[in-house]
Amino acid sequence: MYPQSHFLFPLLIGLILEKLGYVGYDFVLAAVLVGVFIDLDHPLHHFFKTGQLSIAATADDAFKKHIDDRTFLHHKLGMLVSTIFLIIVFAYFPYWALALAVGYYSHMLLDHYSITKGFEDNFPIKDYFGPWKPVPLKICGYTVPIARHEIVFDVVCLVGVVILYV
C-alpha cells in the first residue's frame with residue numbers, strides 16, 4: 001500500500017491504545033515513524049541495483065515499470081530477523097519494542113495480505129487485496145494507480161483517527 005495507509009493504520013492502532021490508557025503519544029509517534037519509514041528500504045534497494053539513490057527513480061521503476069523493489073525486510077526472512085530483533089529489544093525495552101512492532105507489523109500486514117489469497121510473500125506489485133481496478137491519481141507529476149479499496153481503507157482509518165482525537 002501507499003505511504004498514507006502506512007501512516008494512518010499505525011496511527012489508528014496507537015490512538016486506540018492511547019485512549020485505552022496503555023501507551024502515550026511517544027509510543028504512537030514511534031509506531032507511525034516505523035510504519036512509514038520502513039519503506040526507505042525501497043530507494044536503498046534501488047541504489048544497490050542501479051547505483052542511483054533517488055526516490056523519484058525508485059518511484060519510476062515501481063509505477064511505470066512495475067519492478068518489485070522489496071528488500072529482505074519485506075519478505076519472510078526479513079520478518080523472521082525483525083521478529084528476533086524485536087524479541088531481544090522487548091527483553092530490555094518492552095514499551096519501545098511494542099511501538100516498533102506495531103509500526104513494523106502493521107506495515108507488513110498491509111503489504112502482504114490479499115483477500116483472495118491470504119498472506120503471501122510474493123505477489124504481483126499492487127495486487128494486494130485481490131484483483132482491483134486502479135483509480136489514477138496525479139501526484140507530483142506521477143500518475144499513481146491507487147486501488148479503490150485502499151481509498152476506502154484510508155477514509156475509514158482517517159474517520160477513526162478523527163473520532164479518537166476529538
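Biologist: Where does Y92 lie?

Modeller: Y92 lies in helix α5. Helices (H or I, at least four residues) and strands (E, at least two) are DSSP runs, numbered from the N terminus. This is a predicted model, in which local features need pLDDT of at least 70 and side-chain atom pairs count only at pLDDT 80 or more, while totals for chains, interfaces and linings use all residues. Residues are numbered from 1 along each chain as its sequence is written, and side-chain values use heavy atoms, with hydrogens and water left out.

Biologist: Is Y92 buried or exposed?

Modeller: Buried means under 20% relative accessible area, exposed over 50%, and partly exposed in between (1.4 Å probe, protein chains only). Y92 counts as exposed because its relative accessibility is 64%. V89 also has its place in helix α5, but V89 counts as buried, at 16% relative accessibility.

Biologist: Which residues is V89 in contact with, leaving aside its neighbours within four places in sequence?

Modeller: Contact means heavy atoms within 4.5 Å. On that basis V89 is in contact with P94 and A97, its neighbours within four places in sequence being left aside. The C-alpha atoms of V89 and L100, eleven residues apart along the chain, are separated by 9.6 Å.

Biologist: Which residues make the nonpolar surface patch?

Modeller: Patches are made of residues with over 30% relative accessible area and no salt bridge; like charges are joined within 9 Å, nonpolar side chains (Val, Leu, Ile, Met, Phe, Trp, Tyr) within 5 Å. A salt bridge is a side-chain nitrogen of Lys or Arg within 4 Å of a carboxyl oxygen of Asp or Glu. Accessible areas come from the Shrake-Rupley method with a 1.4 Å probe, and for residues only the protein chains shown count as cover. Here F72, L77, L80, V81, I84, I88, Y92, F93 and W96 make a patch of about 970 Å². Helix α5 (residues 76-92) gives the largest share of the patch, six residues.

Biologist: What is in the largest nonpolar core?

Modeller: In soluble globular proteins, nonpolar side chains tend to be buried together. A nonpolar core is a set of buried Ala, Val, Leu, Ile, Met, Phe, Trp, Tyr and Cys residues joined through side-chain atoms within 4.5 Å. The largest one has 13 residues, and L11, L15, F153 and C157 have the most contacts inside it. At least two residues of this core come from each of α1 (3-19), α2 (25-37) and α7 (148-165). The largest share, five residues, is from α1. A second, separate core of six residues includes V23, A30, A99 and V102.

Biologist: Which residues of α2 are buried, and what covers them?

Modeller: F27, V28, A30, A31, V32, V34 and G35 are buried in α2. Their cover includes α1 and α6 (94-112).

Biologist: How many helices and strands does the protein chain have?

Modeller: The chain has seven helices and four strands, in the pattern α-α-α-α-α-α-β-β-β-β-α along the sequence. Of its 166 residues, 45% count as buried.
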